[in-house]
Amino acid sequence: MIKGLYNSAIAMNTRMKNLEIVSNNLANINTTGYKREIPFSEYLSREDGTQVKQVTDFSEGNLVETGNSFDLAITGDGFFVVDTGNGLELTKNGKFSISEEGFIIDSRGYKVQSSNGGINIYESVVDKNKPILITKEGEVKQGDLVIDKLLITKVTNQEGMDRRDSQNFKFDDMDYSPAIDTEYEIHQGYLEESNTNPILELESMIRINKDYEASQKMISSLDTILSQSKEIGRVQ
């Protein structure tokens, strides 16, 4: 009976964590490039009860056209790379712009990387008013002039990636390698939406709430039985 109380308490704790995960997914439904986290019960069932470490769904979100030259979406096996000043991070959020110094940067001001470091447009272009073309392979061009090429990475062991507060990901050097051009495609003037499906998340939230309530009722029932057992012992 004590074991039943213990197991029910663990189940309630798990459901609470899963509710936090689902709530975070819903909160980021409009976050560009956001990759939903998978509640424990969901990814456990996907592997028939075996232990699973990956808790992020890396499936692609829908692409939405913006017309902005520095809005980039990436499909296939690849991530953009930004330098945070405290190391490199991977991201699917391609909402970029140009800094005053001419670097391609993300929304937090971190420099988007090529294999040579930050990409500076102004150091190479003659006319700042001419359009910049970014090819599907990631080449940054103005006319026939190739300015640089985006560093696109792939991660062989995605379950080892560490999600950051900014929704970017950290990685171990052993898991990182440049992606081959045929493994991805860059879409200029597009952004990738969050891969969160609000209907599925709400269904998951309802299911988790029901499971939580069932565990709560089990604890209440076992507690009542224990109390009655104590009373019977006192009468005897």
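Predicted model: local features only at pLDDT ≥ 70, side-chain atom pairs only at ≥ 80, totals over all residues.
Two bridges join β9 to β10, and the two strands run antiparallel. As a reminder, strands of a sheet pair through backbone hydrogen bonds, either parallel or antiparallel.

Now follow the chain from β10 into its other partner. Strand β10 covers residues 139-142 and strand β11 covers residues 145-149; four bridges join them, again in antiparallel fashion. Look for Gln 142, whose bridge partner in β11 is Leu 145. The two strands form a hairpin with two residues between them, and Gly 143 in the turn has a positive phi of about 65°. Put together, these strands make an open sheet of three in the order β9-β10-β11, with antiparallel pairing. Its edge strands are β9 (133-134) and β11, each of which pairs on one side only.

Let us turn to another pairing. Strand β2 spans residues 72-76, and four of its five residues are buried, so this strand is largely enclosed by the rest of the structure. Its partner is β16 (residues 184-188): five bridges join the two strands, which run antiparallel. To find your bearings here, pick out Leu 72, which stands opposite Gln 188 in β16.

Next, go to strand β12 (residues 152-155), where you will find Thr 153. Is Thr 153 buried or exposed? Its relative accessible area is 0%, and buried means under 20%, so Thr 153 counts as buried. The neighbours of this residue come from several parts of the chain. Leaving out residues up to four places away in sequence, Thr 153 touches Asp 77, Gly 78, Phe 79, Val 81 and Leu 90, and also Tyr 176, Ser 177, Pro 178 and Ala 179.

Our last stop is Met 161, in the loop between β12 and β13 (162-163). Although this residue sits in a loop, Met 161 is buried, because its relative accessible area of 11% falls under the 20% limit. Which residues is Met 161 in contact with, leaving aside its neighbours within four places in sequence? They are Phe 58, Phe 79, Leu 90, Val 155, Phe 169 and Lys 170. For Leu 90 there is also a distance to look at: its C-alpha atom and that of Met 161 are separated by 9.3 Å, while the two residues are 71 residues apart along the chain.

Methods. Residues numbered from 1 in each chain as written. Heavy atoms only, no water. Buried < 20%, exposed > 50% of the residue type's maximum accessible area, 1.4 Å probe, protein only. Pairing = 2+ DSSP bridges. Contact = heavy atoms within 4.5 Å.
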